[in-house]
Amino acid sequence: MPDYGIATVVALVVASAAGAFYRLYLHPLTHIPGPKLAALTHWYEAYYDVVKKGQYIFEIGRMHEKYGPIVRVGPNEVHILDSEYYNQLYNMTNRLDKYDYFYSMMGNPLATFGTIQADVHRVRRIALGPFFSSKAVAKFYPQVQSVVDRLTERMELCAEKAEPIPLFYAYRCMTVDIISEYVFAHQMGLLDRADWGKYFYSAWRSLWELSPTTRQFPWMIDVIMSMPRWMTKLTDPRALEVVDMFAEIDHQTEVLLNSDSKAVEAQPHPTVIWELSKSDALPPQEKTPKRLAVEANSLIAAGFETTGGTLTLMTYLVLSHPNVYQKLLAELEQAIPDPTKIPGSLVLERLPYLFAVVKESLRVSVGAYSRLSRVNRYEAMRYKQYNIPAGTAIGMSALFVAHDEAIFPDALSFIPERWLEPDGSIGATALRLEHYLLAFGKGARGCVGINLAYAELYSVLTTVVRRFGNRLELYKTEERDIEAVHDYFAGMTRRPDGSEGNGLRVLVKKQK
Ligand code: HEM
């Protein structure tokens with residue numbers, strides 16, 4: 001028996017040495033510059049992302065400073081830093097897969113977002129896309145505005161009591177209520193919770209913090225989900241929050257699918273999961289309750305944190321730049337004489353200064369910090385003199401384009417004016433810069449929720465600024481509460497629960 005043990009160890013050592021030799025000297029990516037450790041093993045990435053908590057993307061930035069615009073960032077993966085290449089990689093004609101290793105941390109290959117193969121994705125996207133067209137979103141807009149109104153009503157109640165408002169959480173409550181209304185025709189009711197949805201956020205946050213680890217060990221999520229409740233509670237109480245949250249979404253999907261069709265169809269807007277369950281664009285195996293629950297879960301995840309995060313940053317940016325705030329307020333007061341009657345987002349997005357503030361906030365917020373790695377299974381790709389063989393993962397991060405000084409001079413500053421013509425109108429400059437605004441990604445896998453996201457951004461900023469005007473101010477919020485210091489797919493701030501930071505808090509002064 002001991003002989004077998006020794007033989008196994010020797011075989012493992014030889015196999016690992018041969019694998020390492022192959023990756024370093026024989027692999028088709030040996031001509032791509034980069035640190036040897038990154039070429040050798042995923043553990044290099046894991047060190048930065050797991051141990052140092054979502055730091056690999058910043059390390060990739062440093063690698064580019066040293067090695068140039070293309071770097072081998074993993075055994076089979078390159079990263080490109082070149083703003084002109086983004087639209088070449090992410091477009092409608094390259095039918096690229098998502099990189100399964102990279103996206104495994106989402107644990108959701110059944111959802112449109114997490115689908116790996118381009119051809120499977122195409123079927124799902126064709127079915128899902130129409131519910132997020134600008135026409136469909138315009139139909140849903142009254143519901144968006146009614147949730148925003150509920151937010152400002154609750155803020156007004158806080159003003160009465162001179163209570164600070166944890167807007168970091170409040171915005172997430174609102175985006176969850178909006179997306180859950182659209183997905184299930186049933187709001188999760190976060191905006192009414194006394195804790196401003198802190199428990200809900202904390203569950204998701206635990207999941208995102210775990211995501212670099214589940215990328216290395218993708219089976220972890222299944223293990224957590226299949227554990228008996230008492231065992232999960234014993235091993236990690238935060239995981240229990242995640243299990244409960246997933247169970248709630250499964251339950252809501254089930255309730256919806258068993259609803260009376262007349263009641264669902266009487267809604268003033270389509271209900272996404274219901275419509276998908278009846279869709280002719282999907283084959284039966286795509287319409288099982290399990291897949292629809294996964295889709296619902298993913299839509300909620302994709303729709304709430306991204307939009308909530310952008311709203312948080314946008315509000316902080318305008319409040320911490322009083323000149324911007326006053327200019328915006330003046331434009332809104334002139335365009336909207338009655339603050340109880342906020343026009344639709346299609347009207348709002350034509351207001352030049354508001355438009356510029358929204359675009360600049362999206363640029364500064366970046367959207368996904370992560371490299372969005374893609375694989376061309378069929379053809380080699382080229383970057384300058386470099387051949388990138390078929391099957392290689394290629395990623396780019398919007399972070400580096402957002403900070404490209406050649407495109408956005410003084411890129412670290414918040415300057416809405418950069419989006420406008422010298423006379424303050426919307427014109428050719430906005431068109432040129434839009435090409436480099438990558439918050440929503442681009443191409444076939446670009447954000448399906450972009451129209452809904454814009455509707456929310458315009459509605460919230462306008463409503464909050466127009467209704468509260470000069471009564472609104474920051475409350476004990478510093479840059480360290482707001483800056484994105486972790487890459488957990490989206491850029492994330494320090495925990496906002498007081499343990500590391502406090503998120504965005506504001507005060508609305510009492511009405512005189
Ligand atoms: C400011 C808000 C938002 C930002 C910055 C944002 C950003 C992004 C980005 C960068 C991607 C590409 C991800 C990748 O390539 O892996 C994406 C995809 C996606 N987003 Fe958004 N998003 C926002 C709002 C929303 C909303 C409101 C929804 C609502 C449903 C949504 C649903 C999705 C879905 C389903 C995908 C996957 C699309 C596909 O693969 O076909 N997003 N989003």
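1. Two residues count as in contact here if their C-beta atoms, placed from the backbone, lie within 7 Å. Helices (H or I, at least four residues) and strands (E, at least two) are DSSP runs, numbered from the N terminus. A residue is buried if 20 or more other C-beta atoms lie within 10 Å of its own, exposed if 12 or fewer, and partly exposed in between.

2. Keep in mind that this is a predicted model, where local features need pLDDT of at least 70, side-chain atom pairs count only at pLDDT 80 or more, and totals for chains, interfaces and linings use all residues. Numbering runs from 1 along each chain as its sequence is written.

3. On to α4 (56–67). Its buried residues are Tyr56, Ile57, Ile60 and Met63. Looking down the axis of α4, they fall within an arc of 100° (taken from the directions from the helix axis to the C-beta atoms), so they line one face of the helix. They pack against α3, β1, β2 (77–80), α20 (398–402) and β9 (486–488). Turned away from that buried side are the exposed Arg62, Glu65 and Lys66.

4. Helix α3 (residues 43–51) buries Tyr44, Glu45, Asp49 and Val50. These pack against α2 (36–40), α4, β1 (70–74) and α10 (198–216). Lys53 follows α3, and its phi is positive too, near 65°.
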